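Student: Please give me a close look at one part of this structure. I would like to follow the paired charged side chains, and then some of the packing.

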Amino acid sequence: MNRIGIVLAVLVGLTLGGCTNNFERNYQGEIYAPIEHAFALTEAPSHARLIGTSLFVSEGAERQAEALRAAQNIGAHYVVWDRQYIGSSTRIDHIAVQTEFHERWDERRGDRITYRRTEYVPVLRTQHWHEYYAEFYRSSD
């Protein structure tokens, strides 16, 4: 494998293997050493200080587990997060469908030739969008 191939393989591996979730990717604030346990709360804790926030829009189904993982990775003891539905969008995608399979004998080549016809069928895809917001807190202790 040449050097460019090796560099590309490493970059793809880092990109896919070390993927951060959207809470981490959009985090703005202070970063501390990772911690082992973080807790999700429904309101800001009075005994902790705000160290950062994360705000993003996604069609994905972000879960509490992602928010907690982000909190652990940035060294936050607590995370308060929520999401709000902001709308949907519909677009037309196309999927490839192979049709009309048939064969005929080719005298010149002395074997069968298979004909396939690929058609692209339109399919409606609806995406549901949510705005996510998270606040990350660290204990004052």
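Tutor: Start with Arg 117. Its relative accessibility is 42%, so Arg 117 counts as partly exposed. That label covers the range between buried (under 20% relative accessible area) and exposed (over 50%), using a 1.4 Å probe and protein chains only. This is a predicted model: local features need pLDDT of at least 70, side-chain atom pairs count only at pLDDT 80 or more, and totals for chains, interfaces and linings use all residues. Residues are numbered from 1 along each chain as its sequence is written, and side-chain values use heavy atoms, leaving out hydrogens and water.

Now the partner. Arg 117 forms a salt bridge with Glu 119, and their closest N and O atoms are 3.5 Å apart. A salt bridge here is a side-chain nitrogen of Lys or Arg within 4 Å of a carboxyl oxygen of Asp or Glu. Side chains of opposite charge can pair when their charged atoms come close. Glu 119 is partly exposed too, at 31% relative accessibility.

How many salt bridges does this rule give? The count is four. One of them joins Asp 93 and Arg 91, at 2.9 Å from N to O. Asp 93 is partly exposed, at 24%. Arg 91 is also partly exposed, at 39%.

Another links Arg 125 with Glu 59, at 3.3 Å from N to O. Arg 125 sits in strand S5, while Glu 59 is in the loop between strand S3 (48-58) and helix H3 (64-74), so this pair ties together parts that are 66 residues apart in sequence. Helices (H or I, at least four residues) and strands (E, at least two) are DSSP runs, numbered from the N terminus. Both ends are partly exposed: Arg 125 at 32% and Glu 59 at 34%.

Stay with strand S5, which spans residues 111-139 and holds Ala 134. Is Ala 134 buried or exposed? Ala 134 is buried, with a relative accessible area of 0%. Look at what surrounds it. Contact means heavy atoms within 4.5 Å. Beyond its neighbours within four places in sequence, Ala 134 touches several residues, among them Phe 23, Thr 53, Val 79 and Trp 81. Ala 67 is 67 residues away along the chain, yet its C-alpha atom is 7.6 Å from that of Ala 134.

Last, Asn 21. Asn 21 lies in the loop between helix H1 (3-17) and helix H2 (22-25). At 10% relative accessible area, Asn 21 is buried.
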